[in-house]
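Me: I would like to go through this structure with you, starting with the charged pairs. Could you set out the term we need before we look at particular residues?

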Amino acid sequence: MSLEQSPGPPVTSADVARLAGVSRATVSFVLNATPSARISEATKAKVRAAAEELGYVPHAAAASLRSGRTDLVVLPASVSAMGRLFSDWVDELETALGDRGYTVVLHGDRSAAPVTAARAWARLRPAAVVSMGDARMTAEAVQVLLQAGTKAVVTVASAPVEGAFTLIGDQADVGVAAIEHLVGRGRTRIGVVMPAERGLAAFSEPRLAGARRVAAEHGAEITPLPMRYSDEAAAALATLCRELGLDAVFGYNDEYAALLSAALADRGVAVPGQIAVVGADDLLLARVVRPRLTSVRYHLPGADLLADAVDRLVRDGAAAPLPAIWFEAVPRQSS
C-alpha cells in the first residue's frame with residue numbers, strides 16, 4: 001500500500017462561489033466578514049456551508065493585500081517563559097482576539113537586541129504586537145514596528161514605554177509582596193530562587209530587586225539561590241538552604257517553590273517550622289501540594305478588556321488605559 005499522497009489542485013474561492021451559486025466577491029465579503037457589505041443571513045449561511053463542504057481556507061496574505069493590513073497579532077516567545085498563570089491568560093487572550101477576527105502568532109525569535117527582535121516581528125507586517133513584559137520592547141523597538149506599519153504595540157512594563165500602549169505591571173512588586181509577607185512572619189534570613197532556565201532573568205531579576213528593597217527596610221538578609229528546574233537541583237539547593245541557616249525562601253513561582261518545598265521535606269527540614277516557603281502565580285498547584293503553598297496572586301485585567309484595547313488601537317489608533325496589574329500574598333500552610 002503506497003503512503004504517497006497526490007493532492008489535487010487547491011480549493012479556491014471560485015469553487016466556493018460555484019457551489020454556493022454566488023459571485024467570488026460575495027464569497028470574499030462573507031468569509032472576510034466585510035462590515036460594509038450588505039448580504040442576507042441566508043446567503044452568508046450558504047457561502048459558509050459551501051466553504052465547509054469543500055474545505056476551503058481563505059488565503060491570509062491575499063486578504064491582507066486587499067485590505068491593506070494583516071489580521072496577525074504577534075506575541076514574542078517570552079510569554080512562554082512566564083509560567084502557567086500567564087500561559088492560561090494568554091490562551092484566553094488568543095480566544096478573545098480570535099473572536100474579533102485576529103490570528104495570534106507566537107514568534108520564536110530570541111534575539112537579545114531590541115531593534116533586531118523588532119525587525120524580526122515586523123517582517124510579518126502584523127496588525128499588532130503584544131509583549132507581556134519582554135525587556136526588548138524598548139522605545140527604539142516600538143519605532144521600528146510603527147514605521148513598518150504595525151498599528152498597535154502593547155507591552156507590560158513598570159513605566160510607560162514611548163510609543164506603546166503600556167499595561168503597567170512591575171515584576172519587582174512580586175518580590176515586594178513575597179518578602180513583606182515573610183518579614184511579617186518574623187523571617188529575617190531569606191533565600192530568593194533565581195531560575196537558571198533561559199528567558200526567566202527578565203522576571204527573576206526584578207523580583208530579586210523588590211525583595212532586596214523590602215529586606216533593607218526591615219533589616220532582613222537576602223541570599224540569591226540559582227536553581228534549575230529539576231529534582232537534582234532542588235535537592236542540592238535544599239541542602240544548601242540548611243547549611244546557610246536560612247529561615248525562609250521565596251521560590252520565584254509556585255512550580256519552583258513546590259519543587260524546593262518537597263526537597264526540603266525529603267531532607268527532614270520542616271516547612272514552615274524551620275524554613276518557610278513562598279511561591280508566586282497562585283496556581284492550583286499551590287493548593288494541591290502539602291503543606292499548601294503560600295503564593296503571590298496576580299490581579300490582571302480581563303483578556304476581553306485587552307483584546308478590545310488591541311482592536312481599538314488597530315482600528316482607531318487609540319484606546320482607554322487599562323487597570324494596572326497588582327499583586328498580593330495569599331497566606332497558606334507553607335509560611
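Reply: A salt bridge here is a side-chain nitrogen of Lys or Arg within 4 Å of a carboxyl oxygen of Asp or Glu. The model to which we apply this term is predicted.

Me: How far apart are N and O in the salt bridge of Asp282 and Arg332?

Reply: The side chains of Asp282 and Arg332 meet in a salt bridge with an N to O distance of 2.8 Å. Asp282 lies in the loop between strand S9 (276-278) and helix H12 (284-288), and Arg332 in the segment after strand S11 (326-330), so the pair ties together parts that are 50 residues apart in sequence.

Me: Are Asp282 and Arg332 buried or exposed?

Reply: Asp282 is buried, with a relative accessible area of 12%. Arg332 counts as buried too, at 17% relative accessibility.

Me: Which residues are linked with Asp282 and Arg332 in a network of salt bridges?

Reply: The network of salt bridges links Asp282 and Arg332 with Arg287, Arg297 and Glu328.

Me: How many salt bridges are there in the whole structure?

Reply: A search of the whole structure finds 11. One of the pairs is Asp308 with Arg100, whose closest N and O atoms are 2.8 Å apart. This pair links distant parts of the chain: Asp308 is in helix H13 (residues 303-316), while Arg100 is in the loop between helix H5 (84-99) and strand S2 (103-107), 208 residues apart.

Me: What is the relative accessibility of Asp308 and of Arg100?

Reply: Asp308 has a relative accessible area of 26% and is partly exposed. Arg100, at 22%, also counts as partly exposed.

Me: Staying with H13, where are Asp311 and Arg315 relative to one another?

Reply: Asp311 and Arg315 are 4 residues apart in helix H13, which means that about one helical turn separates them. They form a salt bridge, with the closest N and O atoms 2.8 Å apart. Asp311 is buried, with a relative accessible area of 15%, whereas Arg315 is exposed, at 52%.

Me: Now a different charged residue. What is the nearest side chain of opposite charge to Arg207?

Reply: It is Asp281, at 4.6 Å. Arg207 is buried yet has no salt bridge. Its place is in helix H9 (residues 201-218).

Me: What is Arg207 in contact with, leaving aside neighbours within four places in sequence?

Reply: Its contacts are Gln171, Ala172, Val174, Gly175, Phe250, Tyr252, Asn253, Ala280 and Tyr298.

Me: Let us turn to the backbone. What is phi of Tyr252, and what is phi of Asp281?

Reply: Phi of Tyr252 is near 70°, a positive value in a residue other than glycine. Tyr252 is found in the loop between strand S8 (248-250) and H11, and it counts as buried at 4% relative accessibility. For Asp281, phi is near 105°, again a positive value in a residue other than glycine. Asp281 lies in the loop between S9 and H12 and is buried, with a relative accessible area of 2%.

Me: Where is the cis peptide bond with omega of about 10°?

Reply: That bond joins Val271 and Pro272. Pro272 is found in the loop between helix H11 (254-266) and S9. The peptide bond from Arg290 to Pro291 is cis as well, with omega near -5°. Pro291 lies in the loop between H12 and strand S10 (295-299).

Me: Which residues form a nonpolar patch on the surface?

Reply: Val11, Leu19 and Leu54 form one, with about 200 Å² of accessible area together. Leu54 is found in helix H3 (residues 41-54) and counts as partly exposed at 31% relative accessibility.

Me: To finish, how many helices and strands are in the protein chain?

Reply: The protein chain has 13 helices and 11 strands. Of its 335 residues, 48% count as buried. Its C-alpha atoms fill a box of roughly 80 × 55 × 35 Å, taken along the principal axes. Among contacts with a separation of 6 or more, residues 24 or more positions apart account for 71%.

Conventions:
Residues numbered from 1 in each chain as written. Heavy atoms only, no water. Helix = DSSP H or I, 4+ residues; strand = E, 2+ residues; numbered from the N terminus. Buried < 20%, exposed > 50% of the residue type's maximum accessible area, 1.4 Å probe, protein only. Lys, Arg positive; Asp, Glu negative; His and termini not counted. Contact = heavy atoms within 4.5 Å. Patch = residues over 30% accessible without salt bridge, like charges linked within 9 Å, V, L, I, M, F, W, Y side chains within 5 Å. Areas by Shrake-Rupley, 256 points an atom, 1.4 Å probe, with all protein chains shown as cover.
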